[in-house]
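Here are my notes on the model, point by point. Have it open while you read.

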Amino acid sequence: MSLPAFAALLERLVFTPGRLAKLALLRDWYATQPDPDRGVGLAALTGELVFTAAKPALIRDMVAARTDPVLLALSHDYVGDFAETVALIWPEREGVNTPAPDLAEVVEALELTPKAELPGLIAGWLDALDATGRLALIKLITGGLRVGVSGRLARVALAEWSGRAVEEIEEVWHGVAPPYTALFHWLEGKAERPDPREAPVFRPLMLAHPLEDADLAALDPAQWRAEWKWDGIRVQLTAGPGGRRLWSRGGEDVSGAFPEIIEAMNFHAVLDGELLVVREGEVAPFADLQQRLNRKVVTPKMQKDYPAGVRLYDLLFEGTEDLRGLPFDQRRARLEAWVARHAPARMDLSPQIAFASVAQLAEIREGARAASIEGLMLKRADSPYVAGRVKGLWWKWKRAPLSIDAVLMYAQRGHGKRSSFYSDYTFGLWRPDGQGGEELVPVGKAYSGYTDQELTWLDRWIRNHTTGRFGPVREVEKALVLEVIFDAAQLSTRHKSGVALRFPRIARIRTDKPASEADRLENLMSYVAAARPEEG
Amino acid sequence: MTPPEQWLRVTPQGLFCAPAGVFIDPTRPVARAVITHGHADHARPGHGAVLATAETLAIMRARMGEGAGDRQQALAYGETLRLGEVALRLVPAGHVLGSAQVVLEYGGARALVSGDYKRQPDPTCASFEPVPCDVFVTEATFALPVFRHPPPAQEIGRLLRSVALFPERTHVIGCYALGKAQRLIALLRQAGWQQPIWLHGTLIPLCRLYQELGVELGELRPATVAEKSALRGAIVLAPPSAIADRWARRLEDPVVCMASGWMRVRQRAKQGGVELPLVISDHADWDDLLRTIAEVGAPEVWVTHGRDDALVHALAQRGVRGRALHLVGLGEEEEGVDAA
């Protein structure tokens, strides 16, 4: 019965917007399913299973042979998605009483069955399943589950279910393989923790807390080290005899997207750093790095136009020696010596910033306007490298956000708990309309920053000032000014206004300000220009 | 035999049986109307004389008061009434409480006007009765082969498993006020759910009426006055328009469910922001439409509303003459229309 159980899980995950609810569904899966099915399901959810033998065309031919072409076309037209159409229209055969297949059985058979026998095998399964089961099977075969479960989420659910720390699971995760039987047995207390040996595994990252004013006052400059906080992607580099990997902050393997970094990792170490697009030593805006993310294959042109590099700031392992217990100053010295000795291509050292007092540090922070710098990182000189966000060891001190007064233009309903609220706001600024007048041009979208009371107020205002509806979106009277804060403004060809904002959020509702007095696009553009020349 | 197309025809007001002088489910006020069931797209206000089952008449009075017809005449299932030279009787359609098919006999021919119908068992109403006929007038709401409704008990099982998995949350089910709401309650009772079921205010009058007409629904409570904490782990029924809007804020982190045949298609469920789609319908699915047409054995089938293109095509392959009537105004309440 386990393919139907997996199908039921997929069905729930597809429709569940909330993270907590997704976690509950995953915990229930781990707790109720037998081995090896629960591990196979986990691998399928996180995209670890890839089948190549059965192509969508095969499914297309199978259903065409069993249905009327006119009815199939009308149905496909109505449903939209072809896999779903097949699952729903597949004719149920009278008298079929073979049991539904096991998930593990399906996966094994797909790997071992000769291509010529696949249609008969798959048809037999489809006959034995209901519509939900058929859809799960087809999506599994053709590789498009898309249920919004990241590897990280699956591991958090494993941690919650087993009572183990997620960091402990992260450390072995990439050393175990589907169906993860050894992992499940360890989590259930039935076996020892799996030993990844030399396999490249992800080491949970040390994270920083936002610095509050009170923390700042208590800061002793002698005990703290400062670095720039780069606006890139945090990565971990793992290389050794067992292989090379580039991990994202959440432990996803992003090696495939950055082959030039992997190629440069001809060493045996584990490093922590910031992935950036760097041209002639200068860090490009975050938007450039975005061009390189979420790609399975990277063309040479991509690598040339958006060259990636890593700015290193910590050394976790040198060879097989675990340095994480050492104080930060010692690790830093080891890192500097290591970089000097290896001089790896595409990598450099994130410089330390000297400061004598908190006041001086604050001045340095305010002076940094380059778009590639988000602010400062403060690291305690004696801090070991510990997983997660331990208070008092590392601080992030973002520079003060930029701000504009924009006009609310459109609002959209949120998801999950916010599904009854208009909580996503598109806002715009004034610019000349070319005919002697002024027009609003949308410059961004924000869905955070407001309090619950402000959200309720905004929701009511939007419902009372709606001028048009487009599906879930409402257009509103151009009458409400919102103070929007953001971390940086960058030129963008993908936005109508020509500018993109980093982390825009609502700071205040400006009922005191008429819409005509909101900012103009050129005010925002001056931030882009100001950000250009300087560099840390 | 006088072929039905000579005495049963489509007029701007709806289907009209001339020798009996009655319209069936007319969309505008007429002198004499036969009403198949109480849904607003079939039972409209302002007619002179209205003929229907006693239950349908009671539903009409509850929904439209004065507008339920100047003169009302109840006809029990199976009783024959002579209207001129036409013999008319009502047989169960299995759609909602009181729903009926209209059997018309004239000049040696028999026409069966089914209104809306389903073949799945429903604890709140009498089961559909197939009657052999020369012309079968059918709906086609779900006439695409992608629509196959699973057994309702299976869907209720999914709902109850979800309630067990999320005991802190309120499960709110979007459903129509007439028929679906009461059927869901009865199905929940059959599945062993003994706790009170909470109702949005607009569902209460018809649930009370069903109870007065002898349908067991167990303990029902108004959700509108309940404390939020009392709704933790509870099942709440509400009209589809309320489930994802402001009304639902009174609920405890709601799991938004929707009970409709349209929930079979993912995109439809996603559009409505539904977290748990329940495929429970009061209309015949594709297989049941074809099965019913085979059972009544009519050589000719008229399709009132819905996906007539697919159904007429499938009938042609079976040697049955299909004809799309394109009746306007039907399918505007209940599942016939896009669930908001």
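Predicted model: local features only at pLDDT ≥ 70, side-chain atom pairs only at ≥ 80, totals over all residues.

1. Strand 2 (residues 14-17) and strand 3 (residues 22-24) of chain B run antiparallel and are joined by three bridges. If you want a pair to click on, B:Leu15 sits opposite B:Ile24 of strand 3 of chain B.

2. Those two strands belong to an open sheet of six strands in chain B, ordered 1-2-3-4-5-6, with mixed pairing. Strand 1 (8-11) and strand 6 (71-74) of chain B are at the edges with a single partner strand each, so one side of each has no neighbour in the sheet. From one strand to the next, the twist averages 30°.

3. Now the other sheet. This one is open too, with seven strands of chain B in the order 7-8-9-10-11-18-19 and mixed pairing. Its edge strands are strand 7 (80-83) and strand 19 (321-324) of chain B, each pairing on one side only. Ignoring direction, neighbouring strands here are turned by 25° against each other on average.

4. Strand 10 (residues 109-113) of chain B pairs with strand 11 of chain B in the parallel sense over three bridges; B:Leu112 has B:Phe136 as its bridge partner, and B:Val113 stands opposite B:Val137. With strand 18 (residues 300-306) of chain B, strand 11 of chain B also pairs in the parallel sense, over five bridges, and here B:Thr138 is partnered with B:Val303.

5. Is strand 11 (residues 135-140) of chain B buried or exposed? Six of its six residues are buried, so the strand is largely enclosed by the rest of the structure. In a regular strand, side chains alternate between the two faces of the sheet. Both faces are covered in strand 11 of chain B: B:Val135, B:Val137 and B:Glu139 are buried on one side, and B:Phe136, B:Thr138 and B:Ala140 on the other.

6. Helix 7 (residues 308-317) of chain B lies across strands 11, 18 and 19 of chain B, at about 165° to strand 19 of chain B.

7. Last, the annotation. An unreviewed UniProt entry gives "domain: Metallo-beta-lactamase" for residues 29-128 of chain B. That span is 11% helix and 34% strand, and its end C-alpha atoms lie 28 Å apart.

Note on methods. Residues numbered from 1 in each chain as written. Chains lettered and ligands numbered in written order. UniProt positions renumbered as here; feature names shortened; annotations may be inferred. Helix = DSSP H or I, 4+ residues; strand = E, 2+ residues; numbered from the N terminus. Pairing = 2+ DSSP bridges. Axes fitted to C-alpha atoms, helices over the stretch in contact; angles between N-to-C directions. Buried ≥ 20, exposed ≤ 12 C-beta atoms within 10 Å, placed from the backbone. Contact = placed C-beta atoms within 7 Å.
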